[in-house]
Amino acid sequence: MFCFKHGWCLALLLLVAGPLYAQNPNSTVKLNELLNRVATNAPTLVTDSSAILIKEAQARETSYNWLPNIKLNYQANIGTNNNVGGAYFGFGIVPSNNRGVRNESNTTAVLSNLGIAAFDMELYNFGAYKAQNKVAEAEVDVQKNQFAASKYNLQAYTIDNYLQLLKLQAFLTVQARNIERNQEIRRSIRALARSGIRAGVDTSIAEAELSKSRLNYIELKNQVKQIQLRLAVISGMPYNSIVPDTVSENNLILHSVSGNLLMPDTANHPLIRYYRSLYDNSLEREALVKKSYNPKISLQAAAWGRAASLDANNGFTSLYNGWGFQRENYVVGLGITYNLFDLKRRQLKLNTQKITSQYTLAKLNEQKVLLAANASQADANVATALERLQEIPRQVKAANAAYRQKFALYKSGLTDIIELNAALNLLYRAETDFISAKNSYTQALFQKAITENQVSQVLNQLN
């Protein structure tokens, strides 16, 4: 933060203006409280948190990819056993059997049954399982960081609306005071008109000014309600209960002008963490591509029993003989599988993934540059807002003195209604400028905090 060498002027003005915008602390909502409600109840965050659960479930699913396959099969069949010699490819289930080659065709039915238990486990794939798990974990990290970035953006949105609400509430207070001043002027004019000191037209002008003030007040109330409704949607609070706390805003300004410095932490900014997780995820996918096309060593085993109504000499017997198991067998073995053409597939897919990694790295660097630029812009905005705050006390003091003098002159008959209204408008503009200056400075402070990942530290200064 910047040191405000004339901070005592601002502090004095805030103390003087405090009663002007006083609120009942029991009826207001602090920004910390509102942000906590938003973090708990915002519909978008509730949805995004469910997405994290999905990614975690998918990671658990991936961690069990090593499980073997144990398949059980039993079948009983009746049909012919009429075959010829010759080779063929077995695409799926082939409706035939071995043997059954005869000199002439024979369509006598044969009953057979077959039961198989087959085991297949990929024992070692040179790190592919580990790479799959790392990719799944990286997906969870991406989703968590995306959630954190969404939460941070929603926090910034909430803060912006809260500060806008603060400004509008202060405008309402000033507008109410402006209405009171116009009513005071109208009462004075009526008294002067009855005594013949002032013309009746002054009364009409005063009525018009009063009506304009009331219309402005109505419009400001509508703007306040619109922002309250927006905040109610994401916080789950009744809209009319969202009344901002002006005391905390004054505390923030007083703390900031005292020269308390906050160190930026852009390296851990939620947006940076999100894009870094995307880059890390892409690197893990590169490792997975490299290992997915490695050889695979498998353990295989099978045991089966079968029977058929054919005898050992290939003769047809009673169909009853096809029930039960006449022969039992087993086989166990180790196998290694490697597809030579996977070398080219691996090269192509790895090249694609490397391009993706380059893209995510470029996005990460882009966000770093944008945050640095935004931080510089935020510093400039804070400095400009401080200069405005330094000048505000003079404007408010001079405008208030001018109005009081013009009002006294008017009641003495030494000036007209036009000059009095001009002085009144000057005071009204000075008071609204004071509110805008406070809001601009607070907005600049939070924008700097959001850019430099220091929102929690700034929120601590609100108390």
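Leu114 stands opposite Arg306 of strand S3. This pair belongs to a predicted model, in which local features need pLDDT of at least 70 and side-chain atom pairs count only at pLDDT 80 or more, while totals for chains, interfaces and linings use all residues. Residues are numbered from 1 along each chain as its sequence is written, and side-chain values use heavy atoms, with hydrogens and water left out.

Strand S2 (residues 109-124) and strand S3 (residues 296-308) are antiparallel partners joined by twelve bridges; two strands pair if DSSP finds at least two bridges between them. Besides Leu114 and Arg306, Ser112 has Ala308 in S3 as its bridge partner. On S2 there is also a pairing with strand S1 (residues 69-80), again antiparallel and over twelve bridges, where Lys71 stands opposite Ala118 of S2. S3 in turn is joined by eleven bridges to the antiparallel strand S4 (residues 327-337), with Lys296 opposite Thr337 of S4. In a regular strand, side chains alternate between the two faces of the sheet.

Stepping back to the whole protein chain, the secondary structure consists of ten helices and four strands. Helices (H or I, at least four residues) and strands (E, at least two) are DSSP runs, numbered from the N terminus. Along the sequence the order is α-α-α-β-β-α-α-α-α-β-β-α-α-α. Of the 463 residues, 37% count as buried, where buried means under 20% relative accessible area, exposed over 50%, and partly exposed in between (1.4 Å probe, protein chains only).

Patches are made of residues with over 30% relative accessible area and no salt bridge, joining like charges within 9 Å and nonpolar side chains (Val, Leu, Ile, Met, Phe, Trp, Tyr) within 5 Å. A salt bridge here is a side-chain nitrogen of Lys or Arg within 4 Å of a carboxyl oxygen of Asp or Glu. The positive patch is formed by Lys130, Lys134, Lys290, Lys291 and Lys354. At least two of its residues come from each of helix H4 (128-194) and helix H7 (270-292), whereas Lys354 is found in helix H8 (residues 342-411). Lys354 is partly exposed, with a relative accessible area of 37%.

The nonpolar patch consists of Tyr74, Tyr320, Trp323 and Phe325, which together have about 530 Å² of accessible area, computed by the Shrake-Rupley method with a 1.4 Å probe. Trp323 sits in the loop between S3 and S4 and counts as partly exposed, at 48% relative accessibility.

Terms used
Lys and Arg count as positive and Asp and Glu as negative; His and the chain ends are not counted. The place of a charge is taken as NZ of Lys, CZ of Arg, CG of Asp or CD of Glu.
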